[in-house]
Amino acid sequence: MAKINSNYQKLQAGYLFPEIGRRVRAFSQQNPEAKIIRLGIGDVVLPLPNPIIQAMKLGADELAQRGTFKGYGPEQGYDFLLAAIAEHYRSQGASVEADEVFVSDGSKCDTANIQEIFALDNTIAVTDPVYPVYVDTNVMAGRTGMSDGKGRYAGLTYLPTTVENKFEPALPEIPVDIVYLCSPNNPTGAVMSRANLQKWVDWAKKNEAIILFDAAYEAFIQEPGHVHSIFELPGAREVAIEFRSFSKTAGFTGTRCAYTVVPKELMARNDKGEKVAIHSLWMRRQTTKFNGVSYPIQKAAAAVFSIEGKAAIEENISYTMENARLIREGLSSLGFSVNGGVNAPYIWLETPGKMDSWAFFDQLLNQCHVVGTPGSGFGSCGQGYFRISAFGFRENVEAAIERIRTQLKL
Ligand SMILES: Cc1ncc(COP(=O)(O)O)c(C=O)c1O
């Protein structure tokens, strides 16, 4: 009989969002009249702006003509989109060449797949709490032992990010080969300071380590002076890979488009101790296992960088960040300790009296019919925290705060 990859059996039961879905469904079945407000999963709600839809339609029209029809495209992405992305990086003060950009159908896949080009005996560090994909994909690959039942796996190095360290991960005390950093952060909503990120870059250079930098939320940074791309920092091109996505930035969660930047200077060693360019390995991986994003979607993605596209995206981001402000200030005025929500679309609140995150989830669902995300689902340091997403319609955000004010009995 065929055998499974038994690493899958190490995975803790149920990914966070299916469990939330299960509890919400059970509640709805028992309370069919309840109007549930979902501020949990963090999916966008605003429709795609007109300049982006128009570009998508024009792309689709081209496919309907003999002269402009397209079949397979380049796996890495069409030149027009690669050039627009490289130009956008330049406008942000980061030097990235078009042929260092790899367009994909999502940062989830990219942050999940990237680990397979690295040896299994690399030591890995993640923050705690963490975007679960980084951890689970390393478990699947066999880089960990068993879980302790509280969200930690043997063999991984966890870097706590809590109120005490202002959600800034400290450098690891033991040797680490690869570290995942996410800024602005999901779930804490914190943004790493330029000085701290530079420390990480310098550490990686000194230790021949690699930083996998997830910048999926960089477009939500509101305050000036913060790092949008790790490639703004001196030395980063030798130590980092950056992931970005059109999902939250431009409303592409259903449409699917993202990109990963692998600088040509980035090296790691083979079994013989020789340096090998990561860029060529990722190119090899993508050309073997991925066949590119569809043409109309890449046309739509390129329109995000047009003057009209940029203006429309900024308007949507402002809408979401105004939601974030309302949630932050609304909850704060009710006595909650809130973090995040200034440079990221997530509010990370401390549960009253540090109560269990799932208990708070159930209470919020049962009493207010509001869905958020239990912090413990992102790691053991997330216990006693709760994530509220700012993606939602204004009226729902306002109604959720009002319900919490009037109906939550702790
Ligand atoms: C930190 C982080 N990285 C990556 C992703 C995945 O984005 P995509 O829709 O591009 O797969 C998400 C989505 O929730 C995220 O929160």
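The model is predicted, so local features need pLDDT of at least 70 and side-chain atom pairs count only at pLDDT 80 or more, while totals for chains, interfaces and linings use all residues. Residues are numbered from 1 along each chain as its sequence is written, and side-chain values use heavy atoms, with hydrogens and water left out.

**Ligand site**

- The ligand is surrounded by 14 residues, the closest being Asn186, Asp214, Tyr217, Ser245 and Ser247 (near means a heavy atom within 4 Å).
- By class, this shell has five nonpolar, five polar and four charged residues (Ala, Val, Leu, Ile, Met, Phe, Trp, Tyr, Cys and Pro count as nonpolar, Asp, Glu, Lys and Arg as charged, and the others, Gly among them, as polar).
- An N or O atom in the side chain of Asp214 is 2.6 Å from a nitrogen atom of the ligand, and a polar side-chain atom of Tyr217 lies 2.6 Å from an oxygen atom of the ligand.
- Arg256 places a polar side-chain atom 2.8 Å from an oxygen atom of the ligand.
- Of the 400 Å² of accessible area that the ligand has on its own, the protein covers 91% (Shrake-Rupley method, 1.4 Å probe).

**Helices H11 and H12**

- The axes of helix H11 (residues 357–368) and helix H12 (residues 394–407) come within 10 Å and cross at roughly 95 degrees (helices are DSSP runs of H or I with at least four residues; axes are lines fitted to C-alpha atoms over the stretch in contact, with angles from 0 to 180 degrees between N-to-C directions).

Methods. Helices (H or I, at least four residues) and strands (E, at least two) are DSSP runs, numbered from the N terminus. A polar contact is a pair of N or O atoms within 3.5 Å; within protein, one must be able to donate a hydrogen and the other to accept it, and residues adjacent in sequence count only if both atoms are side-chain atoms.
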